[in-house]
2 protein chains.
Amino acid sequence: MSTKERRLRAFAEREKVFLDAARELIASNGMLNLQMQRVAHLCDYSVGTLYLHFTSKEDMLLALLTERASERIKLFQTVARWQAGTRERMLGFVLADVIFARQQPLFFHLHQYLTTQVISAATSPSRRQQAHEVHQPLAAIFEAVIREAQACGDLPSSSLSPFQIGSGLWALSEGIHTLVHAEGLLDAYRIENPYQLLFQHVNALLNGLNWQPMCDLNNASSGQQLIECIVSAVFSDIDPLITAPLFSAIDQDSQ
Amino acid sequence: MSTKERRLRAFAEREKVFLDAARELIASNGMLNLQMQRVAHLCDYSVGTLYLHFTSKEDMLLALLTERASERIKLFQTVARWQAGTRERMLGFVLADVIFARQQPLFFHLHQYLTTQVISAATSPSRRQQAHEVHQPLAAIFEAVIREAQACGDLPSSSLSPFQIGSGLWALSEGIHTLVHAEGLLDAYRIENPYQLLFQHVNALLNGLNWQPMCDLNNASSGQQLIECIVSAVFSDIDPLITAPLFSAIDQDSQ
DNA sequence: GGAACACTATGAACGGGATTCATTTTTTGA
DNA sequence: TCAAAAAATGAATCCCGTTCATAGTGTTCC
């Protein structure tokens with residue numbers, strides 16, 4: 001009975017085709033102008049067929065986001081495999097997130113948009129579930145490093161669970177991204193390189209947790225050197241246009 | 001030539017009437033079901049008149065958000081006037097933010113929704129500008145405390161500007177709010193009281209900045225006592241239903 | 001082979017609601 | 001009092017997301 005399997009596979013493949021088309025259309029016209037009609041027509045299918053896959057437009061966008069989770073996880077895994085201290089790897093995770101946001105601004109916006117309650121309510125529960133499952137490994141990866149740090153004495157044991165400890169870094173990172181994308185906010189305060197700022201805050205937080213080896217916050221350039229070092233050790237394959245502004249003084253970022 | 005002035009005042013008053021109606025309708029039917037028609041009719045005006053005030057629905061929502069900024073600022077000012085150490089006051093700001101988010105969940109959702117680039121793009125530049133201006137005092141208030149801390153030696157001077165230092169706390173706070181509202185995320189990790197977690201992270205970050213007096217992170221209950229103390233000193237007029245879960249172990253929060 | 005059946009795909013039509021603008025009403029000032 | 005200017009109106013428009021009755025295609029079994 002391979003008929004059914006074959007059909008399922010074909011269905012899954014078609015879903016990818018739709019998502020590719022959606023991505024392409026968003027890339028050229030912006031998320032605001034994405035129309036279900038156009039997605040369907042670009043793939044030579046009818047709208048009805050498109051709606052066999054997604055319960056709504058938002059549902060499709062969430063699928064698009066979920067599809068890309070694996071790339072983010074890959075970046076995290078690269079960091080996790082890196083032979084370095086636990087603290088360096090934690091910084092590496094934050095860096096990975098920044099790189100991801102810069103590499104794929106579209107996905108960052110999608111994430112932000114779909115996290116909103118109003119919009120999230122328009123997605124199907126099953127796809128929300130799927131999105132969660134797919135992101136699970138992200139947390140698992142950094143939890144492992146936190147456990148390792150506690151085991152080897154880099155990090156004092158705490159009443160908090162590893163996830164709870166990590167959530168602080170996660171929130172800090174998420175929050176900076178939000179501030180960065182709140183139009184005009186950073187201009188108003190003449191903050192030129194928000195991501196360098198993020199690393200400073202992360203270092204402060206890690207220091208506050210007594211995560212060894214402690215870092216001298218007054219020496220900003222050594223912090224930048226560390227980032228540069230992580231980039232060349234772990235992310236040497238990433239386009240320098242994306243990574244360079246993270247440790248050099250001048251920010252060429254134009255979002 | 002008071003005619004013009006009178007008209008302007010009347011216009012501003014009518015805008016308030018519209019915003020009140022919008023708030024009422026959102027409160028009863030949810031943001032998703034807000035219709036411009038209904039807002040206009042509830043005020044006995046035509047849709048056209050409504051559109052003399054707002055360039056779009058999103059523009060109206062942003063106005064609604066901006067209108068409420070003063071309440072948030074009031075909470076901050078209460079904290080700023082409190083006769084206490086600088087570190088306590090910084091915690092107080094974070095607490096004020098949490099209280100605001102719990103008191104006015106609607107405005108929190110609006111904020112989240114309108115910060116999104118997709119939605120923000122649908123608002124008028126002038127209103128975005130206005131929203132910025134109105135929020136300016138928020139930053140000014142906490143910057144003053146940071147300056148004071150540096151002056152009195154609670155906080156070592158740094159190469160970062162006061163705003164830059166504060167932005168870390170701001171981001172952390174914003175990020176936790178985001179995680180809290182990302183449906184199901186906290187359930188998945190059995191995090192019962194995210195705001196207690198926020199205070200722990202804030203304390204870690206402040207410790208990391210060497211903000212005196214340092215706080216013992218292992219003693220969670222003393223942290224909770226501090227929150228309780230701030231609440232009774234500064235926010236005694238706030239409904240205990242809102243403040244109690246912030247320092248007691250059981251979280252009755254149901255968003 | 002082909003008839004009956006089940007499963008898929010279709011896209012015109014529907015519906016909901018934001019936005020507009022030609023027209024009417026009100027206010028102003030001489 | 002009245003023409004000109006300003007403000008208000010709401011029916012009509014337009015735009016899209018979503019649906020569903022119908023047509024098409026593949027499958028099964030005699």
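Reader: Which residues of α5(A) and α6(A) meet in this model?

Author: This is a predicted model. On the α6(A) side, the contact uses A:P105, A:F107 and A:F108. On the α5(A) side, the residues are A:F100, A:A101, A:R102 and A:Q103.

Reader: How do the residues of that contact divide into nonpolar, polar and charged?

Author: The contact joins A:F100, A:A101, A:R102 and A:Q103 to A:P105, A:F107 and A:F108. Arg counts as charged, and Phe, Ala and Pro count as nonpolar. The division is five nonpolar, one polar and one charged.

Reader: Are α5(A) and α6(A) roughly parallel or roughly perpendicular to each other?

Author: Helix α5 of chain A covers residues 86-103, and helix α6 of chain A covers residues 105-115. Their axes come within 5 Å and cross at roughly 100°. Angles of 65 to 115 degrees count as roughly perpendicular. The two helices are therefore roughly perpendicular.

Reader: How many helices and strands does chain A have?

Author: Read along the sequence, the pattern of chain A is α-α-α-α-α-α-α-α-α-α-α-α-α. The count comes to 13 helices and zero strands.

Reader: What share of the residues of chain A count as buried?

Author: The C-alpha atoms of chain A fill a box of roughly 60 × 45 × 35 Å along the principal axes. The accessible surface of the chain is about 11,700 Å², with 52% of it belonging to carbon and sulfur atoms. Buried means under 20% relative accessible area. Of the 255 residues of chain A, the buried share is 54%.

Reader: Among contacts in chain A between residues at least 6 apart in sequence, what percentage join residues at least 24 apart?

Author: Contact here means heavy atoms within 4.5 Å. Take the contacts between residues at least 6 apart in sequence; the part that joins residues at least 24 apart is 69%.

Reader: How many of the 11 residues of helix α7 of chain B are buried?

Author: Helix α7 of chain B runs over residues 105-115 and is largely enclosed by the rest of the structure. Its buried residues include B:L106, B:F107, B:F108 and B:H109. The number buried is nine.

Reader: Which residues of α4(B) are buried?

Author: Helix α4 of chain B spans residues 57-67 and is mostly covered. Nine of its 11 residues are buried. They are B:E58, B:D59, B:M60, B:L61, B:L62, B:A63, B:L64, B:L65 and B:T66.

Reader: Which residues is B:Q103 in contact with, leaving aside its neighbours within four places in sequence?

Author: B:Q103 lies in helix α6 (residues 86-103) of chain B. At 34% relative accessibility, B:Q103 counts as partly exposed. B:L241 is 138 residues away in sequence, yet its C-alpha is 9.7 Å from that of B:Q103. The contacts of B:Q103 are B:L75, B:I238 and B:I242.

Reader: What is the relative accessibility of B:S46?

Author: B:S46 sits in the loop between α2 (36-42) and α3 (47-53) of chain B. Its C-alpha is 9.7 Å from that of B:M36, 10 residues apart along the chain. B:S46 counts as partly exposed, at a relative accessibility of 38%.

How values were computed
Residues numbered from 1 in each chain as written. Chains lettered and ligands numbered in written order. Predicted model: local features only at pLDDT ≥ 70, side-chain atom pairs only at ≥ 80, totals over all residues. Heavy atoms only, no water. Helix = DSSP H or I, 4+ residues; strand = E, 2+ residues; numbered from the N terminus. Buried < 20%, exposed > 50% of the residue type's maximum accessible area, 1.4 Å probe, protein only. Axes fitted to C-alpha atoms, helices over the stretch in contact; angles between N-to-C directions. Parallel < 35°, antiparallel > 145°, perpendicular 65-115°, else oblique. Areas by Shrake-Rupley, 256 points an atom, 1.4 Å probe, with all protein chains shown as cover.
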